[in-house]
Each structure stands twice: as structure tokens, then as C-alpha cells.
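Please load the model in your viewer and keep the selection panel at hand.

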Amino acid sequence: MQTPKSTELFQRAQASIPGGVNSPVRAFRSVRMKPLFVSKAKGCKIIDADGNEFIDYVGSWGPMVLGHSHPAVLDAVKSAVENGLSFGAPTQLEVELAEQVKKMMPNIESLRMVSSGTEATMSAIRVARGYTGRDKIIKFAGCYHGHADHLLVKAGSGAATFGQPDSPGVPSAFAGETLIAGFNDLENVSQLIEEYPGEIAAIILEPVAGNMGVIAPVAGFLKGLRDLCDREGILLIFDEVMTGFRVSKGGAQELYHIVPDLTTLGKIIGGGMPVGAYGGRLDIMEHVSPAGDIYQAGTLSGNPVTMAAGLATLKELDKPGVYEDLGSKAVWLVNEIKDIFENASVPYRIQQVGGMFGFFFIDQDVNGFDDALSCDTERFIKFFREMLSQGIYLAPSAFEAAFVSLAHTEQDLEKTRDAFKTAISNIL
Ligand SMILES: *Cc1c(COP(=O)(O)O)cnc(C)c1O
């Protein structure tokens, strides 16, 4: 694989942008490589600056569930653009997207659009604190909720990759309001609640963790959290920025039949444009300004081009059979991967929920962050490089999810299967 243009662009980028990238994981540091610069993408394929083509399992880190450059989404964006880019005034598109989200996620009675997942979780927590009059929150080790100060504690994704769970610049007083529990460890959550009676505003989690690899909730975990929250007057926040419209039509809350008080969204809801949203119970959301007095605002919130892309995406996803199709693609591939790893006698664990999956090179079950961190990252690095050289673009870290899109065809999946087979035999 020749990459002179990417190499040159990366060199240029480093002179003007910290680390050469606008979001850390893009830099390929955890696989000790240089990033590929992408020039275009269509369906499940991305093409780099040098013309190399890859089958993509990153999907812009989640949003591209329909595949890249989906005609319905591009058409919607084009016609929105014709009408102007931003007005700072309400538009019909915002109302339509809000109604579409409520239809697909009926636990959301009222919602506010923002411009990123980070803003969504940050705002949802402010609302939870304002509503309950309490300051502390519980988050789970390895869950990533964006880069807001009080959430950048034991965070997954890029923060996990670099082994720096905390960041300089986060005041310890802020981080001190964030209590950390082990994912899937209900006992741990109970202990924290006992330790800080009446002080906890919210429990926030990824209902299926997708930023420390993919870790599903064990039976009873989400229900147990719901019960604890009800008993203690704590708000339960499902961060479905990744899992929303990914693990099922109505997200993890539909899949596991648990009703959170607040939900945060992002990624898919913007169809590839910058977006976030938070919403939930009407009696809570009515405290958000200007209906109530909890302040939150955004110059570009509900941007018409973003709303058009999101609405077109959700309309496609709302068609019958879509999630059966997405799920069966993922299940097929995951079963093939299991066969390959079994036959090669490689220790592994793999988890799949709806259109996302993740595997670890490891010899023990993975239910939380510490488990995940003990996987064989060196083996992953070798494997990742082999896959890339065979035209398969996985996330460049052992602690990220892989995303299947509706655009992955049988042929693409078979090619991926063959690449797994070759890659594993090449590294053993
Ligand atoms: C990606 C992600 C975020 C952050 O969203 P940004 O748009 O990158 O700010 C928050 N929570 C989860 C679960 C995510 O996967």
C-alpha cells in the first residue's frame, strides 16, 4: 500500500494542528502508524488521498449507519443548503426531527438539539443537577461521554488508548463531583450511594459500552440501576450517542426495556453532520430555558443542514426490516470471526449488539474496564496493520467498536471474513 499523499498531508497538518488531527484517536498513535487522509467515501467504502480503497468499519465513529453518501441524505442536504446555511431562528426541520426522534424513542417526550455529543451529556448533567438540586454524579470506568470536565474521569475512547484517564486542565474540584463505579458492578454503585446519601443527582452510562471495546450490560444490571435510581431520587441518564439508532430502532432502552429519565443522542441523529441532542421526561425537560431556568443555548443548535441530514437518515432507518437487516449482517460476520479465531486457537472474546461489535485478544470474560485493559494490545496492533494492508479499515485502537452499515453487502462481508483469516494467520 502506497501512501505518499497521506504522509505529506500529515506532515503539513502537524505544522498547523496539534498532533496533525482535530480529534486524538484519528492520529493512529495507538497502532503506531500515521493516519490515512480520506478524500471521499461512498457506501461502505472509503478512499484515501492516494486512491487506496478500504471497506470501512469506522463509519465516522458511528454516524454512517446507512453507509457513506447515501442518496436520500445527500439530496436532503442539497435542498437544505439551497435555502441558506443558518438563521439563528426556529425552522420546520427542527420540529420534524424532534417528532421523528420521539416516534422512534417514545421515552423521550421533549428534547433539545445541540451540536455535539459532548454538549449533549454536559447539558443533560446540568439539567439533572438543576432538577435534583444535587451536585454529584456517578459514571462508570471506561465509559466515554465526551470531553466535558466532569466527565473526563476514567473515560474510555481516546483517553483509554493513551492510558491517561484524566486530563491536565480538569480541576480536581470538578472531577471530585464525579464518582466512578465499575461497569456491570451493581454492588459498587450501591456502595457509592450509601457513602453519599442524598448527594447524587444522576447516574450516567453507555447502556452498551462502546468506548472500551464493546461490552454489553450483564443481565439485571440496567434494571438494577433503574431500581436504585427510583429508590434514591437519582436520575438515570442513558448516553445513547453511540447506541441510539445503532443497536435497535429505539436504541438500547428499547432493546433492554429500561426507561431512562434522560437520554443523550448524537452521531446517527445528525447523519454525518455535527450534532447532539438530549431529552427525556417532560417534567424534567420543562426546566430547560426558556421554558424553565436551567440555562443552555447554542448559536448553531438545530442547524437546518444538520437537521435535514438527520431527518433523512432517521426516515430511512424507520422503514420496516432495516434493523433485522443490519443485525443479521453483524451476526453473520461475528460468527465467521469466531470460527476463524477458534480455528487459529487465538484467545479472544467478542461481543455484538445490533449494528456494533468488538473483539479483544484476551483469555477471560470482559465485563468492565479493568478486564478490557488487560487485553493483548500488541497483538491487536499487528492484526490492525494486517487488516489495513488488506483493505479493511478498522478503528485504530483495541478499545473502539466496529460498526457495520446497511451498505455492507454480502460480498463486502465475505471479503472482510477472508481478510480476518489471512490477517490472523499472518500474525501467529
Ligand atoms: C462519541 C460519543 C460522545 C461524544 O460525542 P461528540 O460528538 O464526539 O462530542 C459521547 N458519548 C458517547 C457514548 C459517544 O460514543
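Which strand gives the most to the lining of the largest cavity? In this predicted model, select residues 356–360, which form strand S12, and you have the element that contributes most to that lining, with 4 residues. The cavity itself holds about 120 Å³ of space, and of the 14 residues that line it, Phe359, Phe380, Ser397, Glu400 and Ala402 are the closest to its centre. Colouring this lining by class gives 10 nonpolar, 3 polar and 1 charged residues.

The structure holds 3 cavities of 30 Å³ or more, and the next stop is the second largest cavity, with a volume of about 70 Å³. Select Asp56, Gly59, Met64, Ser405 and His408, which lie nearest its centre among the 13 residues of the lining. By class, 5 residues of this lining are nonpolar, 6 are polar and 2 are charged.

Turn now to an open space, the second largest pocket, whose volume is about 460 Å³. Its lining comprises 23 residues, and a selection of Glu94, Arg112, Met113, Ser301 and Gly302 will show those that lie nearest the centre.

Notes. Residues are numbered from 1 along each chain as its sequence is written. This is a predicted model: local features need pLDDT of at least 70, side-chain atom pairs count only at pLDDT 80 or more; totals for chains, interfaces and linings use all residues. Side-chain values use heavy atoms; hydrogens and water are left out. On a 1 Å grid over the protein atoms alone, a cavity is a set of points where a 1.4 Å probe fits but cannot get out, and a pocket is an open set with protein on both sides within 12 Å along at least five of seven lines; lining residues have an atom within 4 Å of a point. Grid points are joined across faces, edges and corners, and a volume is the space filled by probe spheres set on the points. Helices (H or I, at least four residues) and strands (E, at least two) are DSSP runs, numbered from the N terminus. Ala, Val, Leu, Ile, Met, Phe, Trp, Tyr, Cys and Pro count as nonpolar, Asp, Glu, Lys and Arg as charged, and the others, Gly among them, as polar.
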